[in-house]
Each structure stands twice: as C-alpha cells, then as structure tokens.
Amino acid sequence: MNSKDVKGSFSMLSFEAAKIRLLRSLIIQTETMQVLDFTVFPKAEYDVPIFCANFFTSAKTNIIVLDLNPVHDIINQYEYKEKYFKSLIPLGLKYAEVWLELICKAVKETDESQIFHNLEAQHRYLTWRAEKDPGRGVLKKLIGDTLAKDMLRSFLFNGVDELGSKTFNDYFPQYCCQEGNLNKKGNIIGKSFENRPWNARGEFIGSFSWIDVDV
C-alpha cells in the first residue's frame, strides 16, 4: 500500500501457527521515517502475554520498544504474574526469545470457562489498542482516516470485531464523558515520574488504576 502522496510505502505480513492466533508485522517507509510494528497474539487456549516490538527511526530519533502485554490483571492476579513475569525481570531485552520459550512450553487450556476468560481478556486489549493506539495519528496523516481505521481494526489489531461484542465503553466506562462521547485524552503512557511508581517486585504502587497502567 502507498501513502496518499505516494511517497510512503506500507508492507504488511501476517501468519498463524498451532499456538499463535496472529503474528503480524507492518513496515512503514517514507522519506523521513521508518517504522516496524510487530505483534504476536496467542490463541485463546493459552494465556501467554502478547508480544510487541516497535521500532521507529527518523533523522533525529531512534526508538525501540519491546514489550510483553499481560492478558490478565498482574496486580490483582498474583499467580498470573508469577507464572509469566517473574522470570523476565533479569532478562531485559531477550523478550522475544523468552516469549518463544513461553509459548512452546505453554499447555493447551481445556477448561471452556478459562478459554472464554482468555478470549475476553485479549479482546479487551485489542479494543483498547484499536481506539487508543499512539500510531493512529501517523497512519491517518499518511493514508487518510478511513484506511487508517481499517488497518487498525482489520490488520494491526485483527480480532477486535470478531473475538467479542463488547465496546470500548463497556470495557473502559471511565473514558466515557457525560454526553456519551469518548474522552480523547491520553493515559499514563508517556507521563514522567520523579520516582518510579513500581516497587522492587514490579508491583504498581501509584494512584492509577490497573486499567490505566496495564494498557
């Protein structure tokens, strides 16, 4: 796909595997920047965290973000945190290797209620990202609002329209204004802190809710 001014190009790939619902990558190249957006979503039978890798390069800026997004609440569900995140703390940037190890060792869930719980948790994540993803503005500028929305919902966060029926306001009612409109203000991401609001065990000790922190 090309940008509106035909000076930028978009390359998209997606795959699936036995334990992976969607592995997708988006590469954006323009005269002024290069972007890689890479994410791996496990199938609902596995509660393994979602793996994300983002690279952004311009003439003056280089940003690399590697992240594991938990599908469940790691503040209130301590067992989930111990299951997947305790071993990650000393491993730093080896997230990709660790994620592959986690998914290879993951045991397929057979309890229907837990599978549904995993599915809803992943849908909740997709619903947030499809609405609040920080790259929305760049996509909108390059290819227009309609194509940007389609790319977000059909490719980058594929499943948001298929895996569940709940809306953004269902999951995040605190972002709904009195008039019923969505609050477009940002969240904790990008905020600076004089002291990190996490303790040595990685537990959030600030005043924000889990919803704001986790996403």
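Biologist: In what order do the elements of the protein run from the N terminus on?

Modeller: Helices (H or I, at least four residues) and strands (E, at least two) are DSSP runs, numbered from the N terminus. The protein has 7 helices and 5 strands. Starting at the N terminus, their order is β-β-β-β-β-α-α-α-α-α-α-α.

Biologist: What pLDDT do local features need in this predicted model?

Modeller: Residues are numbered from 1 along each chain as its sequence is written, and side-chain values use heavy atoms, with hydrogens and water left out. The model is predicted, so totals for chains, interfaces and linings use all residues, side-chain atom pairs count only at pLDDT 80 or more, and local features need pLDDT of at least 70.

Biologist: What percentage of the residues in the protein is buried?

Modeller: Buried means under 20% relative accessible area, exposed over 50%, and partly exposed in between (1.4 Å probe, protein chains only). The protein has 215 residues, and the buried share of them is 40%.

Biologist: Where is Thr-39, and is Thr-39 buried or exposed?

Modeller: Thr-39 sits in strand S3, residues 33-42. Leaving aside residues up to four places away in sequence, Thr-39 is in contact (heavy atoms within 4.5 Å) with Leu-22, Leu-23, Arg-24, Ile-50, Phe-51 and Cys-52.

Biologist: Which residue forms a salt bridge with Arg-24?

Modeller: A salt bridge is a side-chain nitrogen of Lys or Arg within 4 Å of a carboxyl oxygen of Asp or Glu, and by this rule there are 6. The partner of Arg-24 has its closest O atom 2.6 Å from N. Arg-24 lies in strand S2 (residues 20-29) and its partner in strand S3, so the pair ties together parts 13 residues apart in sequence.

Biologist: How many residues apart in sequence are the parts tied together by Asp-47 and Lys-83?

Modeller: The side chains of Asp-47 and Lys-83 form a salt bridge, at 3.2 Å from N to O. Asp-47 is in the loop between S3 and strand S4 (50-58) and Lys-83 is in helix H1 (residues 78-84), so the parts tied together are apart by 36 residues.

Biologist: Which residue pairs with Lys-166 in a salt bridge?

Modeller: Lys-166 is in the loop between helix H5 (145-156) and helix H6 (168-171), while its partner is in helix H3 (residues 112-132), 46 residues apart. Lys-166 is partly exposed, at 40% relative accessible area. The partner, 2.9 Å away between the closest N and O atoms, is Glu-120.

Biologist: How many degrees around the axis do the buried residues of H5 cover?

Modeller: The buried residues in H5 are Ala-148, Met-151, Leu-152, Phe-155 and Leu-156. What covers them includes S1, S2, S3, H3 and helix H4 (136-143). They are on the same side of H5 because their arc, taken from the directions from the helix axis to the C-beta atoms, is only 120 degrees.

Biologist: What accessible area do Met-1, Met-12 and Leu-147 have together?

Modeller: Met-1 comes in the segment before strand S1 (9-15) and is partly exposed, at 41% relative accessible area. Patches are made of residues with over 30% relative accessible area and no salt bridge, like charges being joined within 9 Å and nonpolar side chains (Val, Leu, Ile, Met, Phe, Trp, Tyr) within 5 Å. Accessible areas come from the Shrake-Rupley method with a 1.4 Å probe, and for residues only the protein chains shown count as cover. The nonpolar surface patch of Met-1, Met-12 and Leu-147 has an accessible area of about 240 Å².
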